[in-house]
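Biologist: I'm new to this one, could you walk me through a few parts of it?
Modeller: Gladly, here it is.
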Amino acid sequence: MAASRNTIELAQTGKRDHLISLERKYQERWQNERIFEVNAPTEEETAGLTPTQIKEKFPKWFGNFPYPYMNGSLHLGHAFTISKIEFAAGFQRMLGKRVLFPHGFHCTGMPIKAASDKIIREIELFGENFERFNPDAEEESLDAAPAPTESTAGVHGKLDKAKKGKVAAKATGLKYQFQIMESIGVPREDIKKFADPYYWMTYFPPMCISDNNAFGSRIDWRRSFITTDANPYYDSFVRWQLKKLYAMGKVKFGERYTIYSPKDGQPCMDHDRAEGEALNPQEYTAIKMEIVQWSDAVQKVDIDSKLGGRKVFLVAATLRPETMYGQTNCFVGPDLKYGVFAANDKEAYVCTTRAARNMAFQGTFDVQGQVNQLFELLGSAIVGTKIKAPFALNPEVYVLPMESVLASKGTGVVTSVPSDSPDDFATLTDLKKKPEYYKIDPLWCAIDPVPVISTPTYGEMTAPALVKQLKIQSAKDAKQLAEAKELAYKEGFYNGTMLIGEFKGESVQDAKPKVRESMIKAGVAFPYAEPEGLVISRSGDECVVALMDQWYLDYGESVWRAQTEKLLSKLDTYGSETRNGFEGVLAWLNKWACARTYGLGTKLPWDPQFLVESLSDSTMYMAYYTIAHFLHSEWNGSKPGSLNITPDQMTEEVWEYVFSNGPFPSSSIIAKEKLQKMRHEFEYFYPFDIRSSGKDLIPNHLTFCLYTHAVMFPEEKWPLSIRTNGHLMLNGQKMSKSKGNTLTMRQSIEKFGADASRVSLADAGDGIEDANFDEKTANANILRLHTLMLWCEEMVHHDTKLRQGEKNFHDSVFEDEVNNLVNITKGHYDQYNFKDALKYGFYELQSARDWYREVTSDVGMHHDLVQYWIRIATLLILPVAPHFSEHIWSTVLKEPKSVQFALWPEISKPVDRTIIDAGVYMRDTTKTMRDAELSLLKKMNKGKGAQAPYDPKKPKAVRIYVATRFPEWQDGCVQVVKDAYDPEREKVDDAKVRGLLIQRGMIKDKKAMPFIQAFKKRIAEFGATTAFNRTVPFSEVEVLREFLPYLKRTLGLVDAEIYFADDAKAKEEPGFTKNIIDSAEPGAPAFEYRNV
């Protein structure tokens, strides 16, 4: 597989290899010392304490993330989500908390079973070790596949499934499952073992553990487990959970729409899908429009013999049955293929094959799951057919062509109501203008729009009004028509009133379901549903919507939803985007199928022919983490844990006692102290403090987690927070195996080392928007970490060369800057803002050191402060780069205990903001003076420096002008802004600003408005209090005098003088330029170079 052009190759690996060798050394130490294994305080330690007192005396933190699926190696996206909890775990340890970070292994559902079945079929095809596989023959078959043409395009307007598979195979070279297994490092002779789905559960979890350990993850592996009935303990836990939900009435049985795989013969839920996660059934009203007279084109063909005496109906799917009174015609896609399908022995329906396939599983056809196509027609042949229009004012209308009709949505047949549909009106207008061009009879489109709904905004003709308002010229103005469609639907639904029909005078909201019911009762319509988009199962099947009896979780039920909304209101989501996501899902989620017949999992306790599906056995396993190590010592449950309890002893009464504060299970043979120990562990660690996940799990797993916790636990055990992140891109592009732009967790560690990878993941971003892992950044991090490590080693080993004794001005500035960065970094870690924590606790901290080293180069850095900085640098980066920190802490600083036990550094004194501001002032002043000189040099090199006031290449001196007050015109502008500022709204009234400028005679001053705009930005950035306070908190002259020796060294000055601006203005001699002096402001001195 070819690598992406953005993938980098490392030329020199010596530094990386050295860092990796250190990482392995410290990982082995951490594992040998069992540093990340954590337990609740003993019952003796907490005896007599209230829950609040226990929290205060023994603070804890429990973070987790969705356990990954065990059908392959962890990829970098997994590492990104894991890193959010991993970095937080490192920080929370530094706060002195008992930190629990567990990791489970998800095996439930279809993916493993589907893959193992593929291997079975491939062994039958190619032999036990695939020895009969001929790659050359396969390549020839791919090359021989014909290119798709318009006439061979599938019903989705894409390649049909066979061609799609060939294209995918050609792009990746991985057509078969055994090839995929080889690509992830499984030897060919071992692949046959994966024909057993349970073998996967023994192969990939150890790989996952190894990868995490190589990453430096702070995981308590004692608490790990696999799901499904392969682990009898977890199996018992899930059965208890489902039985309890069933007893509460939260699990029900009944007929409902669900996404369904005909090939698999069962519902296809989110985690069973290769494509189309979070898509749900979309319900329509199917309108039956009986054919009165076929078009001339169809009449020329003998169809009667094929119809068998059946009546034929065009079937259109609509979301707006209330508008059917205004039908003026019907549309089909002229280039689409339509089937005529036997619904029963009396009726046949015209629609797309895709729609018929959905209908076959909804009781529409007489044989469930069977599609009986009588014959096929091209859409263009149907144009001109006369049909009945149910409920319409015009009882008979014609079929017309519409280019924008999609085979991938609805039935391919569209009812036309041009009074309320902008698309219909625009198309009908085009047809009326050019009937000859579209090859239609003008009589077919002669009916004018019929008023159906009245709205306050658009009157009785919503669509024509919007087409005019948005200046839509034709049916090809897709963007404007999409906007018009949304406006028309919202206005009609929320504010519309029916003008005609049985429900005339009623609101559209009330009339819509009544019209639908009336049409269904009259036999001219029936319910129809289909997936919201393309859904492909893991077995490669295109899914449909089926109406079937099934077990389902009654999500969306009003009381349960209200409880979940209450939980959400208390939940910290770290941002409005995640909260809005949850609220949106709660608004539509209902009735989730929780059982299937194919795959791996726990049998439904009361109906064991079914298995619990993968998103329904994963809603509260976070509680299981708290006691897993007591139950089993192996993650597959094969050996009892520390309490020596067998799976059969974990009865419903025991689970109830441990997790639900139930009564003591007197019938249990488990010793009371063991049961109390389990309950105590759960009570201490629960609720979890944070769950971190990709944003794509909000529509399913994360919301299901909230629903389940809302009814299974009391409020004090509800989750405290959930944060979500975006997807991770690699080198600015979406990760894609077919494009060679992919990286596993292990590959990243091998290529860049653990810490360089971790720093890059922290740097990738923390928001809900997609983040980016840049390999160039990761490579640069190798050098950055290695260089810093060598510098720390050198400073400690040669510390006698450093300055001792009393501290000077620059020492004080440096110390306060370091302490300030400690506080800022802590705040970002606390809010899970790891990119900013890295910025201040790693990059800015090194910048502060670099300035200090430079500004004190004449006298040297102070020994105590260098030692202090090394300790601070070691601790501030510890959550993100623990191996680097361990090396400096244990090997360089010779600390006896692991850095993993180190606490966050305590600041000995408050940070002096005046000193911090002075430090910023020094750097800014130096940069401004240096930039001015560089700018002049560039001009001179381009031959534009003829009038330069001095030659930077010759000996030079500088005068620095310090202002003690701002110009009067600026003070006047600031006062105007202050008088126009509304503190309650935290906003400047622009109209009032303009009025005050006119009133005070300042409106014609060209400097005024630009200054005011810049000042408003300052208010927005720093707040009104800081912005309006325009005083400098330190003596500029004193600070300038302190770093004047550095200025002279760094700028190559013969001399440097400091003047107050007022004193400089009084000078009459040459070299004191008035306009330069006047440009000085408090906090921003002016300067004037001259040759000497």
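This is a predicted model: local features need pLDDT of at least 70, side-chain atom pairs count only at pLDDT 80 or more; totals for chains, interfaces and linings use all residues.
Biologist: Which strand is joined to E3 by 10 bridges?
Modeller: That is strand E19, residues 544–553, and the two strands run antiparallel; within this pairing, Thr-258 stands opposite Ala-546 of E19.
Biologist: And how many bridges join E3 to E4?
Modeller: There are 2 bridges between E3 and strand E4 (residues 266–267), again in an antiparallel arrangement, and Ser-261 has Gln-266 in E4 as its bridge partner.
Biologist: What do E3 and E4 form, then?
Modeller: They form a hairpin with 4 residues between the strands, and in the turn Gly-265 has a positive phi of about 70 degrees.
Biologist: Switching topic, where does Thr-81 lie?
Modeller: Thr-81 lies in helix H4, which covers residues 76–94.
Biologist: Why does Thr-81 count as buried?
Modeller: Thr-81 counts as buried because its relative accessibility is 12%, and the cut-off for buried is under 20%.
Biologist: Which residues does Thr-81 touch?
Modeller: Leaving aside residues up to four places away in sequence, Thr-81 touches Phe-65, Ser-692, Ser-693, Gly-694 and Asn-725.
Biologist: Last one, what does UniProt list for residues 962–1030?
Modeller: The unreviewed UniProt entry lists "domain: Leucine--tRNA ligase RagD-binding" there; in the model, residues 962–1030 are 62% helix and 7% strand, with the end C-alpha atoms 15 Å apart.

How values were computed. Residues are numbered from 1 along each chain as its sequence is written. Side-chain values use heavy atoms; hydrogens and water are left out. Buried means under 20% relative accessible area, exposed over 50%, partly exposed in between (1.4 Å probe, protein chains only). Contact means heavy atoms within 4.5 Å. UniProt positions are given in the numbering used here, feature names are shortened, and annotations may be inferred rather than shown by experiment. Two strands pair if DSSP finds at least two bridges between them.
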